[in-house]
Amino acid sequence: MSNIPVELKYAKSHEWARVNDDGSVTVGISDTAQDQLGDMVFVEVPEVGQTVTAAEACAVVESVKAASDVYAPVSGEIVEVNEDLADSPETVNNDAYGEGWIFRMEPSAAGELEALMDADAYEAFLAAESH
Amino acid sequence: MPFIPHSESDVRDMLAAIGSRSIEDLFDEIPASLRMGKLSGVPEGLIEQDIARLMMQRAEADGRPLCFMGAGSYDHHIPAAVWEITTRGEFYSAYTPYQAEASQGTLQLIYEYQTMMAALTGLDVSNASLYDGASGLAEAVLMAVRANRKSKSRRILVPTTVHPHYRQTTHTIVNNQQIELVELPYCPQGGNTLAEALKQYEGEDIAALVIQHPNFFGILEEVDMLTDWAHAQGALVIGVANPVSMALLKPPGAWGANGADIACGDGQPLGVPMMGGGPYFGYMCCKQEFVRQMPGRIVGRTIDRDDRVGYTLTLQAREQHIRRSKATSNICTNQGLLVTAATIHMSLLGAEGLKRVAQACHANTRKLVAALTVSECVKPLFNRPYFHEAALRFSLPLDNVLRPLHAQNILPGYALAQEYPELGDTLLVCATEMRSDADIALYADHLGRVIKTQTAAGCPVKPKMA
């Protein structure tokens, strides 16, 4: 069964979002997403300082099978990116919800977070998608 | 006998299998108004004997003029072995070798080609080629816009010393992609791009600067100054260079403090004959950090599970057969056969041989310029160093000079006013290693005679009365 931590929010495009204590949001791709993509070979992270709107493509994860866009789950400014992925993209496979985070952002629009799915909804969404 | 692999019964069987009555049915989706129907102006087919005769006549109509024209396509010696080997059955395909297990020879050849081009340009990686130099520049511009993530402007500075056809092709390809090409003027005395031309863009958001070196006029650009200026502005540098020139001049990867980021150009001088303008091939190389933004095929070397060396297409995830509309480029092929010829050509010449070709071309062009400027009516157009190719100014109407030279079966050069009207009676000339001293003397003699006829006092050429 997929690993879907309950404390995170999820987007339909398979990103997860963690709200940190300082209000910033850390973003990565879900365990299901990394599993479907297969072995990661490259992660293209956004630029720090870049402003993005919700559902805008701002990073790329490239596996041996495909290169896929990673979409911003909410609007805001990119404040930190995971530079370690340049040398070890496989971290996304090994620790999708931890060391495999991709970028951290300062959300600009309240309410967008609420529109994301919780763990139960994401699990139901995955179940529906696989049929 | 039709050279079509499917017999009528094959076609019938296939149609039956998918439940269609005719091939025509398969195109039902396309509205009738969008179909061409019968093509007008296309004559009926000819038998082989007739087509051979027609092609022979057309070829003879071109003549075999003594060529002193370059302007992007160069008459070099091609060792007989190059096309003898290239056209062997094992190599004779332009098609992309997707199936690595059946294409190791072709893949290894492309890998060797990439290695040679990376060494020649002084950059880290090469792709497996593009269509030609002009579309190569367009792809380089698109690539620079993708790769320069600090720049939001989609603005590219393009000196007018870049080959006019390259600029036109690039405009056609990028024009509708919200990319702005800003032309930079050249120095009327030096024929190069000056720092003054860049001044007004200082501090502005520029995605890339294009530098052709030697430029279209054959003039050496101040590549170090231009490259460092661009990098200081946060712009990438796209170097356009004749591959032969790189055997002698500083290659793009060594320009300025950090080198050009992308190099591209036409590979024709490497074993491809001047054949009616093509097919030629474009090359493209870049720094390692931009490899994921590079368009086209890339072949990599790897090992199989038994530790044996093997070759395969790599970095395909960014290409259109995987990424569809989000691919780095819609280029999905390369000029495989011409690359095969170029690889064999470079292998036969070696680094030293290619350098000698470059030296011989330059020495011959210097001799040609000296021989043609003996006349008071012909002077070098620019006062800066050139390589391999030079622009000359005539103090009499150029057309009147060219016509009699054509009649002597001499291709005297490229009239620059076609693309640079402000330059008037000027001619871009070039003498490759193929031109002998006698060839150069013949051109100079004919030119001397033509000039004498045109300028002899009291002997103006008057139109005959009807």
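Analyst: In this predicted model, let us begin with helix α11 (residues 398-407) of chain B and helix α12 (residues 437-455) of chain B, whose axes come within 10 Å and cross at roughly 135 degrees.

User: What does the angle of roughly 135 degrees tell us about α11(B) and α12(B)?

Analyst: Angles over 145 degrees count as roughly antiparallel and 65 to 115 as roughly perpendicular, while the rest, beyond those under 35, are oblique. The two helices α11(B) and α12(B) are therefore oblique to each other. Their crossing is right-handed.

User: Which residues of α11(B) and α12(B) meet?

Analyst: From α11(B) come B:Asn400, B:Val401, B:Pro404 and B:Leu405; they meet B:His446, B:Leu447, B:Val450 and B:Gln454 of α12(B). By class, this contact has five nonpolar, three polar and no charged residues.

User: In what order do the strands of the seven-stranded open sheet in chain B lie?

Analyst: The order is β2-β8-β7-β6-β5-β3-β4, with mixed pairing. At the edges are β2 (125-126) and β4 (180-184) of chain B, each pairing on one side only. Within the sheet, β6 (residues 236-240) and β7 (residues 262-266) of chain B pair in the parallel sense over three bridges, and B:Gly239 stands opposite B:Ala263 in β7(B).

User: Which strands does helix α8 of chain B touch?

Analyst: Helix α8 (residues 223-232) packs on the sheet and touches β5 and β6 of chain B. Its direction makes about 170 degrees with that of β5(B).

Technical notes:
Residues are numbered from 1 along each chain as its sequence is written. Chains are lettered from A and ligands numbered from 1 in the order in which they are written. This is a predicted model: local features need pLDDT of at least 70, side-chain atom pairs count only at pLDDT 80 or more; totals for chains, interfaces and linings use all residues. Axes are lines fitted to C-alpha atoms, for helices over the stretch in contact, and angles run from 0 to 180 degrees between N-to-C directions. Helices (H or I, at least four residues) and strands (E, at least two) are DSSP runs, numbered from the N terminus. A crossing is left-handed if the near helix is turned anticlockwise from the far one by less than a right angle, and right-handed if clockwise. Two residues are in contact if their C-beta atoms, placed from the backbone, lie within 7 Å. Ala, Val, Leu, Ile, Met, Phe, Trp, Tyr, Cys and Pro count as nonpolar, Asp, Glu, Lys and Arg as charged, and the others, Gly among them, as polar. Two strands pair if DSSP finds at least two bridges between them.
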